[in-house]
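Morning, everyone. Today I want to talk about charged side chains. Please look at the screen.

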Amino acid sequence: MKIPEHSALLLVDVQDSRQHMAVYDGEEQQNRIKYYHENIVKTVEFFRQKKDFPIVHIIELHRDDLSDFGRELDGAEHVHCLEKDSFFWEGAAPIEGEYTVPKRRYSAFFATDLELLLRGKGVEHLFICGGMTDICVHFTAVDAHQRNYHIHVLREACHTHSPLDVAEAAFENMEYFQTGAVMSVDDLEW
């Protein structure tokens with residue numbers, strides 16, 4: 001796929017956190033995260049070579065006193081992504097000229113300046129990847145759709161520690177509200 005004009009790459013929570021890394025036990029999980037990281041690098045390199053499109057790094061950060069978690073800790077979530085120990089994953093960390101947006105909730109649009117940045121840059125198409133497929137990527141994609149962005153979710157550059165059928169259901173949901181929204185990293189036209 002040729003990247004349309006007025007596009008941006010949105011990397012959702014491509015980060016390291018001591019609390020999150022504890023869930024990646026076992027060989028299967030390690031292989032899944034290795035595959036994910038390879039595709040994140042491939043995607044970032046693709047967009048960096050193009051140089052015509054903004055790259056926006058979203059990072060989930062919570063205050064160390066837990067005051068901004070809200071209802072998030074009522075479910076299966078545990079304390080994670082505290083400001084004191086969360087940082088961008090070094091394999092795709094922001095470089096000069098790229099943008100960063102911290103968030104406190106699942107959606108990168110909720111209570112952030114992301115939309116202000118995207119509108120200011122004239123963005124109409126969002127290429128979205130990152131983690132977690134069924135949570136933050138999904139909620140961000142839904143909010144982007146609600147704001148009339150064309151969304152393109154890069155399947156292999158998304159990851160979750162949830163069961164694969166849960167991630168697949170999230171992809172199917174995103175495809176439901178925008179036909180053709182879910183695509184392969186391999187479909188990016190070099």
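Which residue forms a salt bridge with D68? The partner is R104, with the closest N and O atoms 3.0 Å apart. By salt bridge I mean a side-chain nitrogen of Lys or Arg within 4 Å of a carboxyl oxygen of Asp or Glu.

A word on the source. This is a predicted model, where local features need pLDDT of at least 70, side-chain atom pairs count only at pLDDT 80 or more, and totals for chains, interfaces and linings use all residues. Residues are numbered from 1 along each chain as its sequence is written, and side-chain values use heavy atoms, with hydrogens and water left out.

Back to the D68 and R104 pair. D68 is buried, at 7% relative accessibility. R104 is partly exposed, at 24%. My cut-offs: buried is under 20% relative accessible area, exposed is over 50%, partly exposed is in between, with a 1.4 Å probe and protein chains only. D68 and R104 also belong to a network of salt bridges, together with R63 and E83.

Next, R48 and E98. Their closest N and O atoms are 2.7 Å apart, in another salt bridge. R48 lies in helix α2, residues 27–50, and E98 in the loop between β4 (86–88) and β5 (99–103), so the pair ties together parts 50 residues apart in sequence. Helices (H or I, at least four residues) and strands (E, at least two) are DSSP runs, numbered from the N terminus. R48 is partly exposed, at 24%. E98 counts as buried, at 16%.

Now R71 and D74. Their side chains meet in a salt bridge at 2.4 Å, N to O. Both residues are exposed.

And the total? The structure holds 12 salt bridges.
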